Amino acid sequence: MTTSSTGAPQRKLGSLLVTGGAGFIGSSFIRYLFRQPDFGGRIVNYDLLTYAGNLDNVEGAVDAARYKFVRADICDFDTLLKTCEQENVDTIVHFAAESHVDRSILGPSAFVQTNVIGTFQVLEVVRKLPSIHLHHVSTDEVFGSLGPTGAFTESSPYQPNSPYSASKAASDHLVRAYAHTYGVSTTHSNCSNNYGPFQFPEKLIPLMVLNMLEGRPLPVYGDGMNVRDWLYVDDHAEAIWLVLRSGKTGESYNVGGRAELANLPLLERLIDIVASETGRDREDLRRLITFVKDRPGHDRRYAVDSSKIEAELGFRQRHNVDTGLRETVRWYIQNNAWIERVRSGAYREWLDANYAKR
Ligand code: NAD
Ligand code: TYD
C-alpha cells in the first residue's frame, strides 16, 4: 500500500473484475478508470447482458490491451471463480444487480436471485480467494423513506420498503457478515439516485426526456412530490474509485448529490432544458404531464449525508445539477442510435402494460 494526498493508505489495484460493467453506473466506472492517468491496471468486465446491459456503453472508451469482456452470470460460482483465478484478480467492484424498483414490484424473483444469491456467490468466491478485495455498490434506498428533514448517514437503520431495496439491503448484510465472520476484505457504498448518459430509459430522467422528444405522456406517479437526491453518474464513479483506493477495510461510505429535488420541479427543469435545446414550445411539453396511479409503497423522500466520504477521502462532486441535467439531455438528443438499440420490443411491451393512467 502507498499513501494518498489525504494520508490514507492506498490499495494496489492491478487486476479489477467489474460485475455489471455494461450497465449504467458500471460502464461509467470503466470509462472513468480508463481516463485516469494513475490507473495502470486491467479490467475484466463481467456482465450477463440482461435487458439493462449494453456493450455500446464502453465502446471506444477502453484500452483493449488492458480490457476483457466475459459474458456470464454472477450466480454462476464456477465461472466467476475460474475468471478470477485466470485473470489474477485482486479487486472485485460489484455493480451487477436488478436495479429498477417498478420491475421489482411486478416481479421480485429476479431481484432476490441476482441481488441476494448473486452477491452471495460473489462473496463465496472472495471467501475462497481471500487476497481479493471486494467493493460492493449499494443504494440509499436500503434506509427507507425520510420525513421532511434529515439525511441518511452510515449508521441510519435499515428499513427497506420495496423488493428492490430489500434485496439490496440483504446483499449489504451479507457483505457485512462475510467481513465480520470470515475476515474477507470489503468496503461498500450506499449512493443516492444517479443520472447521466447511458441510463436505460425506464428510470425517471431518461424516460421523461425521451417521452418529451417523442410527444408522449410524461407519467408522474402520485402527486409528484416524492423527493430524490440526484448525483451525476461520473461523480459516483469517482467516489467509488476513492473508496477503492483509500477507504478503510470493513467500512461503508454514503454518497449523495446534495441536490434534493421533488419529481415535479425536476420535470419542470427538464422541460425548460428540452425546450431550450430543441426549440420546442414549453407549454406544449407541459401539457404532456400526466398524473398516473402511484407506485405501491412509494418512498417519499431520500437524502444522503456524504460528510464521511468528504472528510475522510476528500470526495467533492464535480457536476452540479444544472450543468449535469443539461449535459444529460443533450446526450439523449444526440444519441438516437443508442436509444433505438436499447429499446427492444420487450421493453416497449413492458412499458405499455405498466404505465396505466389514473
Ligand atoms: P443497471 O440496471 O443499469 O445495470 C445492471 C448491470 O448488471 C447490467 O449491465 C446487467 O446486464 C448486469 N447484470 C444483471 N444481472 C446480472 C447477473 N446475474 N450477472 C451478471 N451481470 C448482471 O444498474 P445501474 O443503475 O448501473 O446500477 C448498478 C449498481 O448500482 C446496482 O447495484 C444498483 O443497485 C446500484 N445503485 C444504482 C443507483 C441508480 O441510481 N441507478 C443508485 C445507487 C446504487
Ligand atoms: P426511479 O428513476 O425509478 O428511481 P427510484 O425509484 O429508484 O428512486 O424514480 C425516481 C422517482 O420518479 C421516484 O419517486 C418515482 C418517480 N417516477 C415517476 O413519477 N414516473 C416514472 O415514470 C418513473 C419511472 C419514476
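Good morning. Please keep in mind throughout that this is a predicted model.

I begin with ligand 1. There are 28 residues around ligand 1, and those that come nearest are Asp47, Asp73, Ser99, Tyr164 and Lys168. What kinds of residues does the shell around ligand 1 divide into? The division is 14 nonpolar, eleven polar and three charged residues.

Which elements each supply at least two residues of this shell? They are helix H1 (24-35), strand S7 (133-139), helix H5 (163-182) and strand S9 (193-195). Strand S7 gives the most, with three residues.

The backbone also takes part in the surroundings of ligand 1. A polar backbone atom of isoleucine 25 lies 2.8 Å from an oxygen atom of the ligand. For phenylalanine 95, the corresponding distance from a ligand oxygen to a polar backbone atom is 2.9 Å, and for leucine 49 it is 3.4 Å. As for cover, ligand 1 on its own has 840 Å² of accessible area, and the protein covers 96% of that area.

I turn now to the nonpolar core. In soluble globular proteins, nonpolar side chains tend to be buried together. The largest nonpolar core in this model has 34 residues. Those touching the most other members are Ile205, Val209, Met212, Leu218, Leu267, Leu270 and Leu325. Two or more residues of the core come from each of helix H6 (204-214), strand S10 (218-221), strand S11 (227-232), H8, H11 and H12. Which element gives the most to this core? It is H8, with eight residues.

My last topic is charge. Side chains of opposite charge can pair when their charged atoms come close. How many salt bridges does the structure hold? The number is 26, and I shall discuss several of them.

One of these salt bridges joins the side chains of aspartate 56 and arginine 341, at 3.5 Å from N to O. This pair links distant parts of the chain, 285 residues apart: aspartate 56 is in the loop between strand S4 (42-47) and strand S5 (67-71), whereas arginine 341 is in helix H12 (residues 336-342). Aspartate 56 is partly exposed, at 22% relative accessible area, while arginine 341 is exposed, at 57%.

Another salt bridge is formed by glutamate 251 and lysine 308, whose closest N and O atoms are 2.5 Å apart. Is lysine 308 buried or exposed? Lysine 308 counts as buried because its relative accessibility is 16%, under the 20% limit. Glutamate 251, with a relative accessible area of 29%, is partly exposed.

Next, glutamate 277 and arginine 326 form a salt bridge, with 2.6 Å between their closest N and O atoms. Glutamate 277 belongs to helix H8 (residues 263-278) and arginine 326 to helix H11 (residues 321-334), so this pair ties together parts that are 49 residues apart in sequence. Glutamate 277 is partly exposed, at 27% relative accessibility, and arginine 326 is partly exposed as well, with a relative accessible area of 29%.

Finally, salt bridges can be linked into a network, as they are here among Glu268, Asp272, Arg282, Glu283 and Arg286.

Thank you for your attention.

Terms used. Residues are numbered from 1 along each chain as its sequence is written. Chains are lettered from A and ligands numbered from 1 in the order in which they are written. This is a predicted model: local features need pLDDT of at least 70, side-chain atom pairs count only at pLDDT 80 or more; totals for chains, interfaces and linings use all residues. Side-chain values use heavy atoms; hydrogens and water are left out. A salt bridge is a side-chain nitrogen of Lys or Arg within 4 Å of a carboxyl oxygen of Asp or Glu. Helices (H or I, at least four residues) and strands (E, at least two) are DSSP runs, numbered from the N terminus. Buried means under 20% relative accessible area, exposed over 50%, partly exposed in between (1.4 Å probe, protein chains only). A residue is near a molecule or strand if one of its heavy atoms lies within 4 Å of it. A polar contact is a pair of N or O atoms within 3.5 Å; within protein, one must be able to donate a hydrogen and the other to accept it, and residues adjacent in sequence count only if both atoms are side-chain atoms. Accessible areas come from the Shrake-Rupley method with a 1.4 Å probe; for residues, only the protein chains shown count as cover. Ala, Val, Leu, Ile, Met, Phe, Trp, Tyr, Cys and Pro count as nonpolar, Asp, Glu, Lys and Arg as charged, and the others, Gly among them, as polar. A nonpolar core is a set of buried Ala, Val, Leu, Ile, Met, Phe, Trp, Tyr and Cys residues joined through side-chain atoms within 4.5 Å.
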